[in-house]
Every structure is written in structure tokens, then in C-alpha cells.
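User: Could you walk me through reading a few features of this model?
Analyst: Gladly; here it is.

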Amino acid sequence: MPTRSNLLDERAVTRALTRMASELVEHAEGPEGLVLVGIQRRGVQLAARLAQQVEQLEGRAIPCGALDITLYRDDLQAIGPRPRIGETRIPGDLDGRTVVIVDDVLYTGRTIRAALDELADFGRPRRILLCVLVDRGGRELPIQPDIVGVTQPIARGDRVDVMVRELDGRDAVELVRE
Amino acid sequence: MTRPILIKGGRVIDPSRRSDGIADVYLAEGRVASVGHGIVGEDGCQVIDATGKVVAPGLIDLHVHLREPGFEDLETVATGAMAAAAGGFTAVCAMPNTDPPQDNQGTIGFVISQAQKAGKARVYPVGTISLGQKGEKLSEFGELMSAGAVAVSDDGKPIMNSHLMRTALEYAKTFGLPIADHCEEITLAHAGAMHEGIVATRLGLKGIPAAAEEIHVARDIILSELTGGQIHLCHMSTRGSVALIRRAKDMGLNVSAEVTPHHLTLTHHACEGYNTNAKMNPPLREEADVEALQQALKDGTIDVIATDHAPHHYDAKEREFDEAPNGILGLETAFGLAVSQLVRPGLLSLSDLLYRMSTRPAQLFKLPGGSLATNAPADVVILDPDVEWTVDPRAFFSKSRNTPFGGRTVRGRAEVTIVRGRVVHDRAGA
Amino acid sequence: MTKAPALGKDLVGLEHLSAEQIRLILETAEAFKEVSERPIKKVPALRGKTIVNLFFEASTRTRTSFEFAEKRLSADTVNVASSGSSVSKGETLVDTARNLEAMRIDMVVIRHPSSGSAEFLGNRIRSNVINAGDGKHEHPTQGLLDLLTLRDKFGKLEGLKVAICGDVTHSRVARSNIWGLRKLGAQVAVCGPASLVPRDIAALGVEVIPHIDDAIRWADALNVLRLQLERMTSGFIPSLREYNRVFGVTRERLERAQKDLVVMHPGPMNRGVEIDSDVADGPFSVILPQVTNGVAVRMAVLYLLAGGGPDWQHQGGGE
């Protein structure tokens, strides 16, 4: 029987996102040329929230998109094709922009590797930043986040579930022990 | 001189004399010497215990393709005659679509001499109706008959020219030769690969309508009426043909008909998955056709079961359905299929079946055999009508393996086959 | 966790697919539409896969569409056409297949004049086989792209009335359309001269409408089949002129129906025979969207078959 425990509750998620939004603007040296791209699925909702927060901080709309990395995965042979491919929506030209990749959980780094490959096919950003809600450790590639909600090393075999209001009815981050 | 054979204690079924009971059968000098109780053979005779088995006149197949001369990689007279013996047949009629075709004395004589050398089942060649099976000019029926032909046919091809068919029927009367016709209106069947019906529609294969056979059957019947000639309709496949033949017989016409074991067993659904081993001409038809053919065999509208044994090389069938050749093997599965399909469900008695696979074929083509009367040829089969066995094409005596029945479990098999008073097949000893 | 229905090793036809499998292909194709709109129209999903396009019949449209689909998925492709190959030297299909397999290819896309050839090939080689049209049997990717085009246009297929018009007997497009549309809940009718409609077609769950005007009145969409010109010489119809007069989809006929109708055609068109130019180029026509969707559908099929895992699962939570 898997057991669930809370890593972040609703309020903690909100606080983390607020802090991440201001760190993000700081890192990017202002909102100029900033583009947020969320990774399907829950990265998309997190990116939209961050964009909203940045807009409140800076008083200007931030272009926000979605990226599905399924077709850039390196494990087609191992796991077979993904049954559902999500939407990829890149808001305008990426050339010369500062692109922030937003994802829910950072683990092996393979998703981000695929996302970097995919972004390169859409243009040549001036700079790419990585923003994640949870960094659970366990990297298999030399990839590190620039902005993190919470850093929490988690054992292999355990799972981190991120829930967002838009899809799951509530905001939470939970640790699932099998 | 062969040793006399005493077959003891079997259930002796002789459809020619409507007899069925436990008896001994004594064969000597190539003839049936006696059938009775407590027969004591001469010293040194071969004794076969047939207790629990059926002893019957050997099966006779009016329609096989032995492929020699010309296609010896598919079958030879010797392998075909051995396959026949293994299936319980003591005589088969070899269709003339060889290369060269059996349209001359030389080829007919060659087939007969190959059969004699093989020394298995008897092989009676069928001559062609037309020279080269071209459908243009009549073959020399008198010459063919004197060389040993027992009937004439252009089987594989129908005689489309009605004038030629009429003259063939008339001319054959001089010799009392039956004319066996492959019934197919080819302009209607043209390039069809299977029965025209729902399966063909789904598979996207060109269909051969039942009408293609029936139009030709109707014409042949009408020409038989016109000429009084003896017409034998090969491998009937449709309920419409059955109705036409029934009417012709009611009119007293000189018409006979055959049906194959596979047309009594399978429907066009056997072609699902593009199974080329179910590709044949005439094609496998519908359930209602199978039922009508079975009834027709029961009531005598259809006279005989004939196998249309058609060997093909395995890789000829290993290709696109459109391109694959027609036909399947029949000799080594015919009896088992017939027992399973007709006798066990109670449609025919075993005696009725043997009449349609032995006595009646002999009568139609005026062949020796089909009887255990005293002095009849010692062509006898010992059958086990109950034994259950599974068809394994690899075990066939035929050179070819093309059958849709591989893996099917059937009941009934020939155990010992005796031709001219000599055992040519003994399953236990084979 | 969502469990997706596997497609199996081969795509031979729509007859043996479930509605769920067809929907999976259409949904996957939706995602691939966007790939063709990107500045770099290429994703690495099938990198390292080798695909042979084995065409025993001339085909520009289908072959090009498959080739684009393969290249946009980064597969390595080889085209083998029947002219100039060992096929025309009398090699059997089975030998051709075994030779290709010996070169360790991953997938074969086959177009062949004999019905059943794709299934035949699929049963004999380990590679995935995709039917790009086999004789008069099926043309599943055409059927799928027609479904996708209709779904784009109408939002759903349930209850939609589609009339398939023309030479149904000899059409693999008709068969794939009938299976696909019926499985997804559309109503299907066929309309054509009785000499070109199988007698027992109603057993597939379709209505037979003898007159084209009645079909137009009944239908929400027409799928107008190509009339092979050799049907005239082989005696199925008297002349192309008469065919156009009696069965042609003309602007006058559509205007008489006084309703909005969608007109599809699998191409290549015989303008002035089964379809008039002002219909093909007119506002009702979705013939070019069909072509666009063809690439997306083929990408989806290639992608879904390539992994080949029988029961893959969507993995939730991060990675």
C-alpha cells in the first residue's frame, strides 16, 4: 500500500511561486524579452501562474507557451510511444529572447535535455533558464535548475506528485512511498 | 503369382449387393474368390484380421490430377497412386491437363505404363475433349479409348464453344465414352479469385458468382437432352447447380455429377486471412450451398464424391491470393472428411458413403471394381471408420502439401488397401 | 495513469481496429499537425529507424505523403519502386520481403495491386508493416485522414451522414472509409452505378442510394471516389461522358440541394468525370486539407507502431 505525505500544502505552493516569480525576474535581469515555456503537463499551468505573478510585479504581460517533449524523448525503444501527445505552443519568435523552461519536478534531467533540443528547433534564444517547483535530486545528466521552489532529495522508487488547481482541483506537492 | 489373402472377421459392406455384415473375404488370383463365414484359405495364404474394421470394395476417384507428364515436381503417377492407396483408393482417373496433354495415344499409354510400374492404385487416364485442350478441334476419341482412356474432359478449362460440346456429346456416343465437363462460364467468372459474396467484398477480391457455374451446368444439361450423350458434371459447388441437376434427372437425362470433400466441408469463410490453401476453382461457396450439396449426395442428385486432387508446390501457394494457383490435395483426406462430415452426423450411412465413393463411380465410368461379388477384381479396402486422427500434411505420400485441412481432427481412415489381390498399402506396416 | 490501446505490429486495415484504437491515431495525428507548422518541421522521434517504402504501383501522392511523414520524424528511408527493382524481374513478394528483412529494416510501407498483400507481408516479416493500399482491399491511412478531415470540419463523427460515391466495388478507399466511419458512429451510404457497387455491401452496415441527387440530399459530406478509366474499357460503364451526366458531382447538383455540404476526394481527380472542377475548387471542397491531414495521420501511425510496446502506460508525476 503506497503512503502519501505532504511536501508542500496549498499555501506553501503559493508562497513558493511568489518567491520564484521575483527570483525569476531578478535572474533574467528584468522582464524585457522574457518568455515562459511550461513543459506538458503540469509545467504548463505553473508557467501560466508564474507569468501572472511576474505581470503583477512588473506591470507587463509575459508571453507564455507550452512544450511537449514526447517526440524528443530518447526512450521510445524502452517504453514505447506515449499514448497522448500534448500541445506544443511557442508564443512567437524565440530568437534573442530569454526563455524560461518551467517544469513541476526535476529528476534525472532527461526531460530538460529533450526540452533544450526541442527549443533549439524553434529558434536561438539569447539565454535559457530552468525553473522547477521541486528538485528531487537523482540527476543522470549535468543539468541544474536556476530557480527552485523546494529542494528535497527523494529515494529512487518513491514518487513526487505535483497537483495543480487547474487539473487536479487543488495545489499540493506530495511524496508517495510505494 | 501373389499369395491368396484371407480377410477374417470384418464387417463386410458391399454396396453393389446391398450387403452389410460380419464375414470373411477370400481373394485369390486377383479376384474375389468368396465372401462368407468360416472360410478356410489354402495353406500359406496371407491372413488379415479385420475384426472391428470394415471391409469394402476399394474407393474409386473419378477426378484427380497426377501432374505427370510435365509437372513431376508437383506429383508423379507413382506418388499420386501411392497417395491414393494410402487414402483407401484402389483406382483413380487422371485428368488430362498434363504437358503434353493427354490428347494422344502416346501420352495415354505413358501414364498407363507409369501406373503399372508403380504398382499401387490403378490409374485410368482421361483423354482430352479437344486437341491441346484448346477448345477448338475434337480429339480422336476412338484412338484415346483404345489406348486406355475411360472418359474425356478438358478439366481445368470449360468447353465454352457450345457447338464443340454438342458434337463431342454426339460423337462420344459411338464409343459410350462419358464426357466430364468443368462448368464455368468464363466470361462471367473472368479473373475471379473466390466466391462472389460478403467475404470477397470484405477482402477486396474479385468474386466468381454462382451463376457462372449454373449457366454452364444448364447449357450442358440442355445439350445432353439435345444429343442423348452422357455428360458428367465435375465438382459441383452451388445450390443452383443442384436444382438444375435434380430437374435433369427427373427428366431422365443421361446426366451425372460429382462433388468434392472440400465443397461438402468448407465455405468461403475458409478464405479469410487470404488463405491460399482455400483457393480453388470452383470456389468454396456459402453455408446454404454446402447444405444443398450434402442433401444432393444423400438423395442421389449428385452421384459421387471425387477429390479433384490438385497438387501444387508449397511456394506456388506462398504468395498473393490473386496470384496463387487453384486447387488442393484430396486423396489422403477424402475418406476421413466424408465420414466426419456426412456419416457421423447421420446424413449418410457408411454403406451409402461407400456406394458414392466406390460402386457408383465404377458404374459411371464403366470401371472394374466397386463390388465384392464373386469374380470381381480383388480391389479391396479395410477401413477403420471410427479412428480419430489429425491431418498432418508432412506425413502425406503425395509430393505436395497444399491442404487447408492440416491440423484438423477427423474420424475414419484406410488401414489396408489391396489392388489386384496384392497389399499396396498397410498403415501398420507402412 | 491512462492505458492506451496498442495498435499491434502492423496496420493492415481499419476492419480489425477498435474504435478506441482509431481514436488514438486521430488524437495523435492532432499533435502531429502542429509539427508540420513549425519552422523546423522535424522531430527526432524515429531517429535511427529505417523504413522502406515498397511501391508496386505508381503513386505520387501517397508515397510523397509517407515520405514527408517519415522524414519529419527523422527516420531513414529508402524508396523501392516496382520498375527497375528485382520485383519486375519476377521475384516473389516473399523473397523481396525476406531480402529487405535481412537488411535489418524496422518498417515497411507497402503499396501493391493484390488485395491481402500487406497482411501477407506482415505475417512473414518481423518489421512493422503499414498498408499504403492493397488492391481493392483497404487503404487505412487514407481512411484515417478522411476521418480526421471530417472531424476537423464537423467536430465529431457520431451521427454524421457520409455518402461514398462512385466505383465502390474496386475501391480500397471505400472499404477503409466504411469501416472507420461505422466504428466511430457515422452513418454511411454508398452511391454509384449498380455495376460498380457490390451486391452484398449492405451487410457491412451501409445504405445503398442508387441516385446521386438522393445521396446529396441525404448526406452531410460526400466522399467522391476516383473512377479508374479502365472501368470503361472493361464494360462496367458505357462512357465517361455518361458517367459524369448520371453520377458526376456537379455544382448544379450541389446547388439544387440547397445546403452546405463537405466534398472530399482521395485524389488524383478526374476533373469533369466523377467531380467537376468548380466543385473540386469550390467552397465545399476539403480536398487540400485532406492532403495536409494525410501527413499528420501517417506520422501518427508511424510513431505509434514504431515503439511497438504492446501495453505502454503514460507515466505521471515529473518524469
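User: What share of the contacts in chain C with a separation of 6 or more comes from residues 24 or more positions apart?
Analyst: Two residues are in contact if their C-beta atoms, placed from the backbone, lie within 7 Å. In chain C, 75% of the contacts with a separation of 6 or more join residues 24 or more positions apart. A note on reading this: the model is predicted, local features need pLDDT of at least 70, side-chain atom pairs count only at pLDDT 80 or more, and totals for chains, interfaces and linings use all residues. Residues are numbered from 1 along each chain as its sequence is written, while chains are lettered from A and ligands numbered from 1 in the order in which they are written.

User: How many helices and strands does chain C have?
Analyst: Helices (H or I, at least four residues) and strands (E, at least two) are DSSP runs, numbered from the N terminus. Chain C has 12 helices and nine strands. Its radius of gyration, taken over C-alpha atoms, is 20 Å, close to the 20 Å that the globule rule (2.2 Å times the number of residues to the power 0.38) gives for 319 residues, so chain C is as compact as a globular protein of that length.

User: Which residues of strand E3(A) cover its two faces?
Analyst: In a regular strand the side chains alternate between the two faces of the sheet. A residue is buried if 20 or more other C-beta atoms lie within 10 Å of its own, exposed if 12 or fewer, and partly exposed in between, with C-beta atoms placed from the backbone. In E3(A), residues 64-67, Cys64(A) and Ala66(A) are buried on one side, and Gly65(A) and Leu67(A) are buried on the other. E3(A) runs parallel to E2(A), joined by four bridges, and Gly65(A) is the bridge partner of Val37(A).

User: And where is the kink in helix H12(B)?
Analyst: The bend at a residue is the angle between axes fitted to the seven residues ending there and the seven starting there. H12(B) kinks by about 40°, centred on Arg356(B). Of its 15 residues, 12 are buried, Arg356(B) being one of them.

Technical notes:
Pairing = 2+ DSSP bridges.
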